Amino acid sequence: MDLSSINWLLLIAALMVGATPILLAAIGELVVERSGVLNLGVEGMMITGAICGFAVAVKTGSPALGFLGGALGGAVLSLVFGLLTQVFLSNQVATGLALTLFGLGLSALMGQSYVGIRPPATPKLDLGPLSDIPVLGPILFRHDPMIYISILIVALVWAVLFRTRAGLILRATGESAEAAHALGYRVIRIRLLAIACGGALAGLGGAYLSLVRVPQWTEGMTAGAGWIALALVVFASWRPWRVLIGAYLFGGLTVLQLNLQAAGMKMPVEYLSMSPYIITILVLVLISSGRGRISTSAPAALGRTFHAST
Amino acid sequence: MTTLFTADGLTKAYPGVVANDDVSFSVGPGEIHALLGENGAGKSTLVKTIFGLVKPDRGAMTLHGAPFAPADPSAARRAGVAMVFQHFSLFDALSVAENVGLGMENPPPLGRLARRITEVSREYGLPLDPSRRVGDLSAGERQRVEIVRCLLQDPKLLIMDEPTSVLTPQEVEILFRTLNQLSDEGTAILYISHKLDEIRTLCERATILRRGAVVATCRPSEASSAELAELMVGSALSRPERPAETPGGTILEVTGLTLPPASAFGTRLQDVSFTVGAGEILGIGGVAGNGQDELLAALSGEMPSAEGAIRLEGADIGRTGPRERRALGLLTGPEERLGHAAAPDMSLTENATLTGWQREELTRNGLIRWGRARDFAERIIAEFDVRTPGPDAAARALSGGNLQKFVIGREILQRPRVLVVNQPTWGVDAAAAAAIRQALLDLAREGSAVVVVSQDLDEILEVAGRFAALNGGRLSEPVPADGLTMERIGLMLGGAHDMEAAHAGAPHA
Amino acid sequence: MITLEKRPSPSRAWAWATPVLAVLLTMIAGGLMFALLGKDPVDAIRTIFWAPLFDPQFASYSRPQLLVKAGPLILIAVGLAMGFRAGIWNIGAEGQYIIGALFGAGVALAAYPSGSPLIFPTMIVAGALGGFLWAMIPALLRVFFNTNEILVSLLLVYVAEQFLAAMALGPMKNPEGGGFPGSRNLQQYDAASNLELLQGTGLHWGVVAAIVAVIFGHVMLTRHLMGFHIRLAGQAPRAARFGGVNPGRLVIFCLGLSGALAGLAGMFEVSGPAGQVSIDFNSGYGFTAIIVAFLGRLHPVGILLAGLLMALTYIGGELAQFMLGIPAAAIQAFQGMLLFFLLGVDVLTNFRIRIGARGTA
């Protein structure tokens, strides 16, 4: 194996690209879970966003419209989940799984005629002299706008959740739907909004995958990214900035693993390819074994069905 | 006398039950008005209607002489109606200030709100630290959060739903002073309770509800407790007689029991020791959240404790689980009926099997003998007068009183050596409560040891031979119940924490 | 204004009617989807649900396929249903299926070319053991570290898939396969092959195992204390603890059972219908079985029917692909839709729907 063949600067730059899809999906799921809803359909919403974004971008030739399309696709699909769990009071775990199974099928169906096409390129943001700074330039300032937007979204989610009344109400709903209802808040409406927001962000993450990261459309291309995003929310103990850290750490590992494959490490490719999943599992174990930590930082009403009896 | 609020012909029906039937009454400004009734008499539905959580099928309300029909709690708050809930509308993981802000229409920024909370809570003798997490507060302190939240909005009508059930006698006194102070300032208070003595000391007028309808309006200070009780229940109730106990040898012995909290906001049990003898009832009193859940879990075996901490007739059962303890004859009845003592969606037959399969021999080679289980359920229903269509009914279809009779009866029929019950009559109508207390007394008379954990001090004094107080996870030395005064019990329960001093310095006190 | 009102007891009639209603709604919505794809919806639905069984041209081939496809679905779903009822979510059956197949095939490939009659029984044990062990990873992590079993079991599917690829390309590759990926064909190795037991029916040992699992599952759930405790733990976890159910033991039992059954399904598949370990040996049975479990209302007998129905959509879907050019993905979306409708109409079992001008909060 030849480690010197790895360009570490490019690797760190690629880390941000690799992390962005799961970062977007995870920050969206964080909003949903903070409202007390567990949506396990992230994978399904991501892949739907991936094909919606891809299709719109190819049809219109505009990556920006593509990203919007991806977000819209994810949001629409998430509202199916919202309708079922909030109005028809179905089990959130089962419905989330259904969303993933359906999303995988639907996206494959929609993507039939898009296999093997290249999407319009997403231009890099021109940051002028900043991108010429040695070392920092290529790492930080030669990216497409979505990378910066995704970081802004994290900041925005943090600010809304912890610095505004709307965020306080959202968190309160996630702590106790009954108490929020008793105070006169519209629990179902709040949760539907959170679910749609989570769906849009998952869709955006999916669109980033098909428009920038890969960039092309293949069936099942999310390959578990949605599940890793779910794990990331747990890893971050439901805190926005920790999601960012987690996503970048994870993105780094994935990119490193790909580089090791390319550098010809003497190990079957398959074992390297399973490493991201194994590492995610190990991190989950480490996080959850800290006695009581998860139970105190998780929203108290997470996953519980709410029906106002009065 | 001018009127502030009137209700006229309020009617609300749910499937199978008319919760409010043509209810009319009025409240004057500054009046403390009692709404008196048994559990299930329709008090909660009525106040939820006033607070905009329930829409009446028929009837109308006025406030300040104008029609009043709040679409939601927010509209009610804007009109000057505030409510302190029985089941707290608080969020454990959020701070006091955040909780208060969530219950206000237009809260000031958090910093200013925190200062207002400190001010108002001092003024009314209810000190509160706005930055503390609500989950870490005691039940009394949590209630202060609710009250302060209401006071900050300058309510004209303050609704208080069973506010004293979580307070020590001393804390009750302080609360009454606060309420009188508010009344003097012109705030009307609608005070909901089923405790007659409280209402006689506090309230000017009382509206009495029975099965959803108003049966009387009276001046409680001019009526005796017995008269009020008869109006409320519809018939005179006889108190169960407590026979003189002649305790036999020790059956249950708890020594130095220490346990971590059961949940994130639970209480640590510290060095709890007591013994109960055959034929004896030990009453353990205390305000909720002082370690009752932990004590019950430790005794039932849901939480294992240290070796030697719990002995049943000399045998060490500290590390055993619920099954082993049940086999040896230690049976328990937790506080929460639905979801803990019984599975809500399962039939009564299945719920009888839940704890009865060992001692009633309801299984053979691991297979459940459903016929026998059904017989057992029918026996409980018959012997404890459980009103239900039959053993196939789901547990959640039963009223609170009937389900409680079922789960207590289920344990008693298994002939326990020791029975431990937590809040055996909480939220139960008076007739069922009397039946349950009688059953506990009968069980002791037949030679079982009984431990009754309860917040209702009257109940403990009615059944228990000895009394111990659980406060902050520590248990006091048990003392004979005869001759105990409420004041002495209050002090054993930790008095009024830090409230008294604050009130003494308050301007209106 | 439409409002939901909780029933005092769950409706028995609706418990049976909701799966049927869900299937009908899916047919309508699926028909719409096919119409959008430019296909004749009636023709498409008929091709999926009718033609495999009764069309003279295809039935002779399709009918045996019904048992071949339904066998693994039922076997896996019965195990999953036990866990789902207890609130233990094993969604990694696909991975346990793969590992079971690898264990079973491993025994066969190691014994090749011995003709001992013990080989097939050993493979059965090995297949169940493989699935069991793979499921023990999330189970033990859950019990000892309180790690979420949903995420772990699912993530392990991706690990198992990579492991399968590594095996098919590496240690298990057929030395006489001319460099093509994939193992020896077990169908051509008599001592290790899972043969059709009755010619022309599709009945193989895996189907027998599925039927046995349905019977055992039914008895356990309705009569045995373990089944009672499983239901109890799912409906009221605190009541279960109070009744003396050890949650850790239940996690191990439910994950272990569903893992073993999924492993068995994988082993019967690799030694029978599939024949060999190949990169894409797994075909999503582990995920479809989740739909089967719910469609069967988490009840073994219901699962038997649901498994047959779902097998029909697979076969009919292939037929529709071949006859009408309906893409395979449409069938996948169709199956997902079925689960949606089922979860949606399930509300009727526990709630009454009121339509009227009655005010509500």
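**A walk through the chains**

Start with chain B: the C-alpha centres of its domain 1 and domain 2 lie 31 Å apart. To colour them, select 5-238 for domain 1 and 250-492 for domain 2 of chain B, bounds that come from an automatic or database domain assignment. This is a predicted model, where local features need pLDDT of at least 70 and side-chain atom pairs count only at pLDDT 80 or more, while totals for chains, interfaces and linings use all residues. Residues are numbered from 1 along each chain as its sequence is written, with chains lettered from A and ligands numbered from 1 in the order in which they are written.

Now the domain boundary. Here 17 residues of domain 1 of chain B are in contact with 17 residues of domain 2 of chain B (contact: C-beta atoms, placed from the backbone, within 7 Å). On the domain 1 side, helix 5 and helix 6 (169-184) of chain B each supply at least two residues; helices are DSSP runs of H or I with at least four residues, numbered from the N terminus. That side has six nonpolar, eight polar and three charged residues, counting Ala, Val, Leu, Ile, Met, Phe, Trp, Tyr, Cys and Pro as nonpolar, Asp, Glu, Lys and Arg as charged, and the others, Gly among them, as polar.

Next, select 110-123 of chain B, which is helix 4. B:Ala114, B:Ile117 and B:Ser121 are buried (20 or more other C-beta atoms within 10 Å of a residue's own; exposed means 12 or fewer, with C-beta atoms placed from the backbone). Look down the axis: the buried residues fall within an arc of 55°, so they line one face of helix 4 of chain B (the arc is that of the directions from the helix axis to the C-beta atoms). They pack against helix 3 (96-102) and helix 5 (139-151) of chain B. After the helix comes B:Gly125, with a positive phi near 70°.

Last stop: the largest nonpolar core, with 386 residues, where A:Leu232 and C:Ile76 touch the most other members. Such a core is a set of buried Ala, Val, Leu, Ile, Met, Phe, Trp, Tyr and Cys residues joined through C-beta atoms within 7 Å. Helix 9 (residues 187-213) of chain A gives the most to this core, 16 residues. Both domains of chain B contribute too, so the core lies between them. Zoom in on A:Leu232 and pick out its contacts, among them A:Ile22, A:Val243 and A:Phe250.

Notes:
Contact = placed C-beta atoms within 7 Å. Expected span 1.5 Å × (residues − 1). Lists of a residue's contacts leave out its neighbours within four places in sequence.
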